[in-house]
Amino acid sequence: MALKRQHGTQAMFSMASMTDVIFLLLIFFMVTSTFVFPSALEVNLPQSSQQTSLKPTTRIFVDKNLKMVAVLGDSVAEDRQMELTAEKLDGFMKQLVANNPQEFVAVYADEEVPYGTIVNILDKGSKNNLKVVLATKPTSEDSAVPAPQGAAPAQNKN
């Protein structure tokens, strides 16, 4: 006497768990993409052992060819950045202070930029009662602890 099986196998595959994994990956990449640090110019920052957690509202980038670009806010959109010259820098800083007396500016200068150029930017910020810091990257012994690119305090704290 032959016995028949009560259960038959179905040739179907449940996609529910696969869609959950895809949504989790999508959320992960959306969240981590907000951590990308925008920069207007490619600069190779000098290293420093001290970092600050202050978030600047305005950034001034100086590349090794002494090209200066100011980025207003956290966006690198074309309408939120402007190219600066040494002559326009003083007027730009006066405008920042006029718009917001508590303005905070970070200078992202390539490590090949001459010291005098950096001092000139810091000096113009100091003359306009503007808080200016010099941005650096963590030193190699600090690289074991992940830290965002920050700014080491400069000499002209007002």
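Asp 123 is partly exposed in this predicted model, with a relative accessibility of 34%. Its side chain forms a salt bridge with that of Lys 127, at 3.4 Å from N to O. Lys 127 is exposed, at 61% relative accessible area. Both residues belong to helix H3, which covers residues 115–127, and because they lie four residues apart there, about one helical turn separates them.

The count of salt bridges comes to two. The other one joins the side chains of Asp 90 and Lys 94, at 3.6 Å from N to O. This pair sits in helix H2 (residues 86–99), again four residues apart and so separated by about one helical turn. Asp 90 is partly exposed, and Lys 94 also counts as partly exposed. In general, side chains of opposite charge can pair when their charged atoms come close.

| Residue | Relative accessibility | Class |
|---|---|---|
| Asp 90 | 25% | partly exposed |
| Lys 94 | 47% | partly exposed |
| Asp 123 | 34% | partly exposed |
| Lys 127 | 61% | exposed |

Helix H3 has 13 residues, and at 1.5 Å a residue it should span 18 Å; the C-alpha atoms at its ends are 18 Å apart, which agrees. Its buried residues are Ile 118, Ile 121, Leu 122, Lys 124 and Gly 125. They cover an arc of only 160° around the axis, so they are on the same side of H3. The face turned away from this buried side carries the exposed residues Tyr 115 and Lys 127. Just after H3, Asn 129 takes a positive phi of about 55°.

The largest nonpolar core has 18 residues, and those with the most contacts inside it are Ile 60, Val 62, Leu 89, Phe 92, Met 93 and Ile 121. At least two residues of this core come from each of S2, S3, H2, S5 and H3. The most are given by H2, with four residues. Leaving aside residues up to four places away in sequence, Leu 89 touches Ile 60, Met 68, Leu 84, Ile 121 and Lys 124. A second, separate core has eight residues, among them Val 71, Tyr 108, Val 133 and Ala 135.

Terms used: Residues are numbered from 1 along each chain as its sequence is written. This is a predicted model: local features need pLDDT of at least 70, side-chain atom pairs count only at pLDDT 80 or more; totals for chains, interfaces and linings use all residues. Side-chain values use heavy atoms; hydrogens and water are left out. A salt bridge is a side-chain nitrogen of Lys or Arg within 4 Å of a carboxyl oxygen of Asp or Glu. Buried means under 20% relative accessible area, exposed over 50%, partly exposed in between (1.4 Å probe, protein chains only). The expected span of a helix is 1.5 Å times one less than its number of residues. The arc is that of the directions from the helix axis to the C-beta atoms. A nonpolar core is a set of buried Ala, Val, Leu, Ile, Met, Phe, Trp, Tyr and Cys residues joined through side-chain atoms within 4.5 Å. Contact means heavy atoms within 4.5 Å.
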